[in-house]
Amino acid sequence: MRRGISIRWLPLLTVLAMLGPVVAGLLGTIAPAFGYLPAANMTEWTVAPFVDLFRWGGFPHAVMLSVTTGFLATSLSLLITVLIIAGWHGTRAFNVIRCLLSPLLSVPHAAAAFGIAFLITPSGWVARAFSPWLTGWERPPDVLIVQDHWGLAMVVGLVAKEVPFLLLMSLAALGQVNAKSSATIAAALGYGRVTGWLKTVFPRVYAQIRLPVYVVLAYSMSTVDVAIVLGPNTPPTLSVQIVKWMSDPDLAMRLEAAAAALVQLLLVIGSLILWRGGEIVVGILGAKWVMRGTRSFGDNALRIVGLGAGVLVCTGVLLGLVSLGVWSVAGLWSYPDVLPDSLSVRSWSRHWGNIFDTGITTLLIALCATFIAVLLTLGCLEAECRFDFTMSERGVFLLYLPLMVPQTAFLPGLQTLMLSAGLKSGFVPVVLAHLVFVLPYVFLSLSDPFRAWDVRFGTIAAALGRSANGVLWRVRLPMLLAPVLTAVAVGFAASVGQYLPTLLVGGGRLPTLTTEAVALAAGGDRRAIGVYGLAQTVAAILPFAAALLLPQIIWRNRRGLSDA
Amino acid sequence: MSHELHLDNIRISKDGHELIAIDQMVAAGEVLSVMGPSGAGKSTLLNYIIGTLPSDFTATGAVLLNGADLCALPSNQRQVGILFQDDLLFPHMSVGQNLAFGLSADVRRADRPARIDQALTEIGLEGFADRDPETLSGGQKARVALMRMLLSEPRVLLLDEAFSRLDTERRDQIRTLVFDTARARQLPVIMVTHDQADADAAGGPVFYLTD
């Protein structure tokens with residue numbers, strides 16, 4: 001019983017680990033935003049930081065970009081996700097996309113963004129493929145495609161990463177809403193595949209993926225790494241500018257950064273409310289559409305659009321990665337040749353030393369954050385069964401909350417707070433900051449399989465005389481090996497991809513593969529970007545391969561577990 | 001050693017609505033059949049006896065085994081064996097490991113392999129110790145599950161629709177095996193079933209639950 005009392009507190013500890021830094025960071029943003037920053041000898045409360053912020057010439061455009069890219073990327077991602085599932089769920093094409101989901105998801109945002117940049121720049125693979133025979137270009141045309149003023153390239157990069165996320169979330173939801181029988185009934189009543197799905201299944205699926213959609217909106221509005229790679233430079237997005245001000249040697253600039261962080265937060269909150277309003281409007285229109293009994297709404301065309309978009313998303317990310325790989329081993333590569341004239345390992349050998357060092361740092365941070373996250377998650381889930389806790393709607397909301405608060409809104413405050421408290425930035429704070437983002441993903445990945453485990457196995461084991469701990473360690477966890485390892489891989493990938501927490505909480509002194517890769521964006525050394533982008537991707541994907549293979553090896557003589 | 005079980009004025013309710021009221025003696029080697037439509041709370045009674053009643057149920061009454069209340073003990077110290085309609089052999093363990101998991105820890109390490117081999121012989125599965133449970137037939141799995149439970153030396157036997165997944169031929173065979181074993185070991189048995197044939201074969205008292 002002594003042990004029972006100790007795990008009873010794990011859910012609370014988990015919430016603290018997840019939300020503590022977020023709340024502290026937000027509070028730490030408020031004081032400097034109103035001029036109070038003792039660390040820089042500024043103790044006078046004032047609204048001057050906001051006045052300075054509003055006077056900054058790039059402000060209106062930065063605000064507009066945050067809103068437009070956020071709404072555009074989220075609506076497009078949701079639309080593509082819905083079209084793919086509505087038109088193709090249960091088909092062979094869909095299963096191909098489903099198999100690609102996990103690897104696509106684990107590709108770090110920065111690597112995916114670089115890959116897409118390599119494809120679509122005027123000197124990228126797409127232009128090369130059609131030059132000079134079609135376009136007549138002997139030289140890259142002088143048009144700004146990547147880092148365009150309107151942030152459209154950034155939207156493309158975001159959509160490519162968010163569609164797999166929303167697809168995965170929708171797939172989990174589909175299992176709970178009995179989608180197949182609804183589709184059959186709709187078809188029997190004469191509804192087209194897409195129309196029938198939209199009317200019968202979508203409302204229920206959307207109710208389940210609403211929070212993930214909010215996460216996508218908040219992330220798209222405030223991303224830093226994708227914006228540095230694909231977003232406009234002069235002026236940059238609000239979030240990028242916040243990071244610039246934060247890394248300014250002049251501490252006074254932090255006041256303006258804090259003010260901008262609060263504005264970013266308000267923008268996201270306002271946009272979430274607006275989106276919620278949009279949901280209601282769509283719901284009303286949808287209800288009218290159902291009443292009208294329309295059987296088909298260009299279903300075939302929509303199916304083709306959905307498939308086309310799905311293929312574009314998959315090939316965009318995958319070809320982008322291949323392009324990173326080719327650049328990393330390219331010798332001389334003249335325009336408009338599709339492949340380099342020569343191959344060389346020079347880029348790899350030049351960067352190998354630093355790749356190794358930063359790679360070790362990356363892995364250590366990911367290992368620690370993931371280990372803590374998996375332990376806390378298992379503790380929470382086990383406490384749930386032992387003490388009959390149930391996770392309320394509010395609990396699920398708390399889980400998504402750290403993903404919905406823009407990183408640029410609380411991480412600067414966290415750094416300022418650490419500075420004011422005289423805390424050293426370094427390994428432990430970075431691990432704790434990563435934990436904020438790793439925990440929700442690990443929990444979301446592990447909770448369903450953990451709860452779906454047949455508790456009668458536990459009853460049997462208890463009836464055979466095993467204690468609660470015996471049941472957990474000797475029966476439940478071995479049987480759940482595969483999902484536990486998948487959760488580890490998910491946590492690992494989430495940690496490897498983190499840019500801003502590493503940069504800000506690490507004080508720039510803890511370089512990882514991701515911070516190094518993003519730092520290369522300004523330089524434009526494609527070979528170096530190829531090397532780091534690929535190394536980053538490998539670090540994120542290898543655990544997934546291990547999570548797939550290990551259960552097959554360990555349970556190779558156990559058909560009940562290796563077939564699953 | 002023979003055991004006598006007394007379900008002493010047990011009442012279980014949920015949301016203020018009473019599901020079960022039972023007061024019944026089960027003698028050693030006797031089978032009490034509990035019958036009723038699905039949803040009438042048959043399995044809930046077993047949950048109470050074994051100690052896994054969900055917290056949204058409220059229950060009063062005692063489960064007296066030879067006069068001592070089982071409810072005072074945690075599940076794993078009650079020595080109440082249970083069989084479900086699924087065999088629920090642990091898929092990550094071999095057949096032998098499943099039996100070893102059940103075999104009382106009091107049996108010395110050196111004697112355990114021999115005890116397991118002997119147990120396998122008893123159920124006609126000699127030499128199956130290293131097999132993956134998933135490669136066994138339905139009837140074989142049911143026998144392993146029964147033996148796994150018996151090896152833990154239970155004092156009471158609960159059957160939760162234990163025969164409903166077996167085909168007719170196997171069902172008679174396994175049912176006879178279970179009832180004979182219970183009689184030989186003088187175990188009181190409570191069987192939850194919706195199949196009158198089960199109750200007829202058991203030959204003991206029948207308790208009907210109603211909605």
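Predicted model: local features only at pLDDT ≥ 70, side-chain atom pairs only at ≥ 80, totals over all residues.
How much area is buried between chain A and chain B? I looked this up first: about 2300 Å², with carbon and sulfur atoms giving 65% of it. Buried area here is the accessible area (1.4 Å probe) that two parts lose on being put together, summed over both.

Residues are numbered from 1 along each chain as its sequence is written, chains are lettered from A and ligands numbered from 1 in the order in which they are written, and side-chain values use heavy atoms, leaving out hydrogens and water.

Next I checked who touches whom. I found 23 residues of chain A in contact (heavy atoms within 4.5 Å) with 29 residues of chain B.

Then I turned to chain B by itself. I got six helices and nine strands, taken as DSSP runs numbered from the N terminus (helices H or I, at least four residues; strands E, at least two). I saw that 52% of the 211 residues in chain B are buried, meaning under 20% relative accessible area (1.4 Å probe, protein chains only). Of the chain B contacts between residues at least 6 apart in sequence, 71% join residues at least 24 apart. Last, I noted that the C-alpha trace of chain B spans about 50 × 35 × 30 Å along its principal axes.

Key:
Buried < 20%, exposed > 50% of the residue type's maximum accessible area, 1.4 Å probe, protein only.
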